[in-house]
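This report describes a structure for a reader who has not seen it before.

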Amino acid sequence: MPDTEQSNLDQKTAALVARGAPAGRRRSLLGYLFMPVALGIVLVLVWLSISSRELDAAEQNRLALDYILRMTWAHILLTLASTALVLLIAIPVGIILTRPFARTMTPPAIAFFNIGQAVPTIGLLAIFAIAWQFGFFPTVVALAAYTSLIVVRNTMVGLRQVDASVIESARGMGMTKISVLSRIELPLAVPVIMAGLRTALTINVGTATLGAFIGADCLGRLIVSGFSGNRPYITIIGGILVAVLALLVDYLAGIAEDFLRPKGL
Amino acid sequence: MTDSAGTIEIRLEDLSKRFPGQKEPAVESLSMEIPKGEIVILVGPSGCGKTTTMKMINRIIEPTSGRIFLDGEDVTKVNPDHLRRRIGYVIQQIGLFPHQTIAENIATVPKMLDWDKKKIADRVEELLEMVGMDPGQYRDRYPKELSGGQRQRVGVARAMSADPDVMLMDEPFGAIDPITRDRLQNEFLRLQEDIKKTIIFVTHDIDEAIKMGDRIAILKERSQIAQFDTPERILVNPADDFVADFIGRGASLKRLSLSRVRDVELHQWPTAQEGASPDEVRRVLDASDKSAVLLLDSQQRPLRWVNADHLGRADGGHELSKLGLPAEAVVQPNATLSDTLNEMITARYSTAIVVDADRAYQGIVDIDTINETVRTMREAERGRLRPEQTADEEDGQ
């Protein structure tokens, strides 16, 4: 009968979708392994190059393992702190700006965050260094100012693309506004918000290098000291290490994205 | 008025809605009483305010003025979230939560009402079975893995999860293909016979309104009631030109969807058994005024139409059951006359064969039967309308 035909068809489609879903959701094992292996090879090559080369005093100083590790760790801290600051500011702001009561606030708020992105980070760093202080904190604030707009915008887009009928049915069943936000809207916006955070994180890793100009510890120090001491080898190693770190961070963020995406989407 | 107090589930009193920045109110002082356990359809042209009216009942849209009573209680000012948990809500796009499984979707309201886990799980199971979906197969699926019709069923199950007395349905079958829609409508009507909810149902489709409604409110602009009555009476006696226009031509045809085959007297057609010899069949044929005999199998199920030509060939050694024309246009007693007529028009001998649930032959419906039904229905309604002016004794069922 047509009834059973219909449900047969439904089962077939469902089976297709169910099988299709995990593949789209996560990469194959090979896909996951490629990036860390490639980065590992690059690091080994860097190490081989350093250890096979006759280093002068300045180079020995800057390319010592414990110095590199210290700078790498400081670089990671800068990245994490600035991204955490972005997360704390941009996501709540993005949420508020999508609420109906804040509709009139949206254009000026976006314009404000635009300033942060429009002013070159190096300029912002210089202003902070002169007007405030050198080192870690001004760098964190400058990085956060630069990338907040991305996350604000993605949070807004993520929340706005949630199907209006889903929200209406949630409200119609008697869910409070807060629980619609926390249980329906935010989970459904996670993929877009995560994409924004990942972009911000990647930009922060790269841009943190500039912290070296105002005295923040980071891998940028290798690059800057290579330039100022006329030691291009140090600059190149510094550059490679920043690139490896940036790719690694982006890779980890990608994995986080895969696992935080709600099932069923 | 007093004797009907217990049977009114929803009462709207002078309800108005004026949206900011609009000159005309969307709904203007609407008063209406909705009886317990009935499907009341709000139908009207687009922009007439029918959806706004419905959404004011669970206060998704807050009324500008007027009052809403639910089961005698004034709910105009109560906490809207708590109110909504008592009212089922189904919208056209269904709005299932895509990141939650079917079971989680259905459990939404029970969870808010703090039911314990076991009770929720049992309820989900019960509801899935009620809407004809195997719980084991579908409980843990996500909405995107379902077809449109299945999502619609889950939407209805979710709306009924906490067993509300009242359900609001906004074009619930609007986004579904016609064949599935018809099936879901029938399923829903069957379900309603058991659950007896009070249902406010919004549609713009008068045919759906006639099919689904116990009562229909035809709304003009600003949600003014043009007529609020049973489908039969609206079809027979439209209150004004607006209603007549809205029903459109073919009111008689539409009326046919209100009666079912089981309500009419069946005629008989000459029949013969599958194993009968050509001579026996010819005798049956000659004795009747028809040009063919209906061949039945051993379980009385209709097989084929056999006429004199076929019998001639059967004499030549062909088996009777391989000759003749397939018996098409078979309907069951619960089919509407409108469906039956549709089958009949395309069928040979302008006849629809009626079978019971086991597909055994019961009789036939022909064009005369339908003609007669339309006539008696019209007379009956006219007769009922006259005493109507003084007292309303209908609706005892």
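Of the 265 residues in chain A, 35% are buried, where a residue is buried if 20 or more other C-beta atoms lie within 10 Å of its own, exposed if 12 or fewer, and partly exposed in between, with C-beta atoms placed from the backbone. The model is predicted: local features need pLDDT of at least 70, side-chain atom pairs count only at pLDDT 80 or more, and totals for chains, interfaces and linings use all residues. Residues are numbered from 1 along each chain as its sequence is written, while chains are lettered from A and ligands numbered from 1 in the order in which they are written.

The table sets the two chains side by side. Helices (H or I, at least four residues) and strands (E, at least two) are DSSP runs, numbered from the N terminus. Two residues are in contact if their C-beta atoms, placed from the backbone, lie within 7 Å.

| Chain | Secondary structure | Buried residues | Contacts at least 6 apart in sequence that join residues at least 24 apart |
|---|---|---|---|
| Chain A | eleven helices, zero strands | 35% of 265 residues | 76% |

Taken along the principal axes, the C-alpha atoms of chain B fill a box of roughly 85 × 55 × 40 Å.

Where pLDDT is low, the predicted coordinates should not be read in detail.

The contact between the chains takes 23 residues from chain A and 24 residues from chain B. On the side of chain A that touches chain B, the elements giving two or more residues are α1 (2-25), α8 (164-172) and α9 (177-207) of chain A. The most comes from α8(A), with six residues. By class, this side has eleven nonpolar, seven polar and five charged residues; Ala, Val, Leu, Ile, Met, Phe, Trp, Tyr, Cys and Pro count as nonpolar, Asp, Glu, Lys and Arg as charged, and the others, Gly among them, as polar.

Within chain A, helix α6 (residues 121-131) packs with helix α7 (residues 136-160) at an angle of about 145 degrees, their axes 9 Å apart. Axes are lines fitted to C-alpha atoms, for helices over the stretch in contact, and angles run from 0 to 180 degrees between N-to-C directions. Residues making this contact include Leu124(A) and Phe128(A) of α6(A) and Val141(A) and Tyr146(A) of α7(A). They divide into nine nonpolar, two polar and no charged.

A nonpolar core is a set of buried Ala, Val, Leu, Ile, Met, Phe, Trp, Tyr and Cys residues joined through C-beta atoms within 7 Å. The largest has 129 residues, and Ile41(B), Ile200(B) and Phe201(B) have the most contacts inside it. To this core α7(A) gives the most, with twelve residues. Leaving aside neighbours within four places in sequence, Phe201(B) is in contact with Ile39(B), Val40(B), Ile41(B), Met169(B) and Met212(B).

In chain B, helix α1 (residues 50-57) is largely enclosed by the rest of the structure, because eight of its eight residues are buried. Among them are Lys50(B), Lys55(B) and Ile57(B). Just after α1(B), Arg59(B) takes a positive phi of about 60 degrees.
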